[in-house]
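Keep the sequence and coordinates at hand while reading.

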Amino acid sequence: MKTETPYSLKNGAGNSNDYYLEISGFADHVLSEAEFQIGPVINDFKGYKSKSYSHDLTIFEALMIGVLWRAYITRAVKLDPESQNMLAYLSRKRNEDEKMKASIDHTRGILATSVLIPEGPETEDVPELTVRNFEKLLKWLEATGEFREELKHLNPWLDFLCSLNPQRSSSHLVSIFMFADWFEYAAQEKLGKYTHDLEEFVAENREKHLQKEDIIFFTRKRSEYHLNMFGAEVMSREFRDSYNKRPRKALLLPGCMCSLPEGKCMASETRLGKKCANCSPNCRVNSLSKHGETGGFEVYIVSHESSALSQSTEKDRDELGIVGVACILNLISGGLKSENMGIPAQCVLLESCGCEHWIEHHEPTDINKDQLFKLLDIGAELVKECQVQPVQVNIKHS
């Protein structure tokens, strides 16, 4: 039987309420373990930074280093500088010139497949834990074009490690690596049931993504899914107080949640995203937009993470608190972007992937409405009114 989706927060249940309970408890466990395993690293880094820095987000950043190191360092050390420079340039160029995006992505797909994806099985040998190799890892991440927001948080770690003597920097990297090793095992035990079909799904569909610009995105590791689940919980906690204090609340929905395809949907452009025009009565965005009017929150459709909030004004950034909805691999970059702009965000994950990026036919997908309405502070009566029939969802990665 063909594997239908890379992950599912419902895991065969009627809803994903168990997931949100489990990720909360798991996040507590990880943060507690971090104090034991990488406490000195976190304290050193925070002492290096000139401004006050969030303790839990610092733990997440350190864990990101370890997970990505374990996933990609053997590829990173083999990437030649010429290919790295070309891929990094193409990635920047596609984001600057919308008209050139299609042709650039065609070239990126061919080049990425040939130089970023190993031809045979990857070796389990881990290259030496040095600052130089960490720099190579960051260069590889830059070349993929998939980690723009994450790199803004990882590059300061390179500066920090470069400021230490080689023995101490390597010691810190060893601690981070070992913590990531523990995390991957613990996450597999607790969260693996939500991603248990991932490797099989990727294996069944990998050939269709070779030579395409999304090949790295499509083949991301299970450990990265678990890392982003943890990161979404940490970010939501970190920004909750600031979010609650904001006078305006906005719900940012992916364009895939519209029941009508692009070109037929009549949503109109605004500086914060598209506004629903109520053109389809069964559309989930339509339903949420109507209840936004009643519940006092704004609703915008954002086609791509890269375009989210890009035209927001200073007034918007001072007033807005947002709830961002996305799939597991897109939510962290969106949350980090929002944080960099000074807009506190809360995270709600899509329950699963059922879109043309992942599968050939469209499948209904959904979000946890209990979680969403809790963040938006909507009462039970409105929650009941908001129940709509599933709609077809097309998620496009960009």
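Helix α2 spans residues 55–76 and carries a kink of about 50° centred on Arg70; the bend at a residue is the angle between axes fitted to the seven residues ending there and the seven starting there. Helices are DSSP runs of H or I with at least four residues, numbered from the N terminus. The model is predicted: local features need pLDDT of at least 70, side-chain atom pairs count only at pLDDT 80 or more, and totals for chains, interfaces and linings use all residues. Residues are numbered from 1 along each chain as its sequence is written, and side-chain values use heavy atoms, with hydrogens and water left out.

At the start of α2, a side-chain oxygen of Ser54 lies within 3.2 Å of the backbone nitrogen of Leu57. Of the 22 residues in α2, 19 are buried, that is, under 20% relative accessible area with a 1.4 Å probe and protein chains only.

The largest nonpolar core holds 109 residues, and Leu141, Trp157, Phe183 and Leu251 have the most contacts inside it. Such a core is a set of buried Ala, Val, Leu, Ile, Met, Phe, Trp, Tyr and Cys residues joined through side-chain atoms within 4.5 Å. The biggest contribution to this core, 14 residues, comes from α2. Leaving aside residues up to four places away in sequence, Trp157 touches Thr58, Glu61, Ala62 and Ile65, among others; contact means heavy atoms within 4.5 Å. A second, separate core has eleven residues, including Leu272, Leu309, Ile322 and Ala345.

Zero disulfides are found in the whole structure, a disulfide being a pair of cysteine sulfur atoms within 2.5 Å. Cys283 counts as buried because its relative accessibility is 6%.

Note on methods:
Helix = DSSP H or I, 4+ residues; strand = E, 2+ residues; numbered from the N terminus. Buried < 20%, exposed > 50% of the residue type's maximum accessible area, 1.4 Å probe, protein only. Polar contact = N/O pair within 3.5 Å; in protein donor to acceptor, adjacent residues only side chain to side chain.
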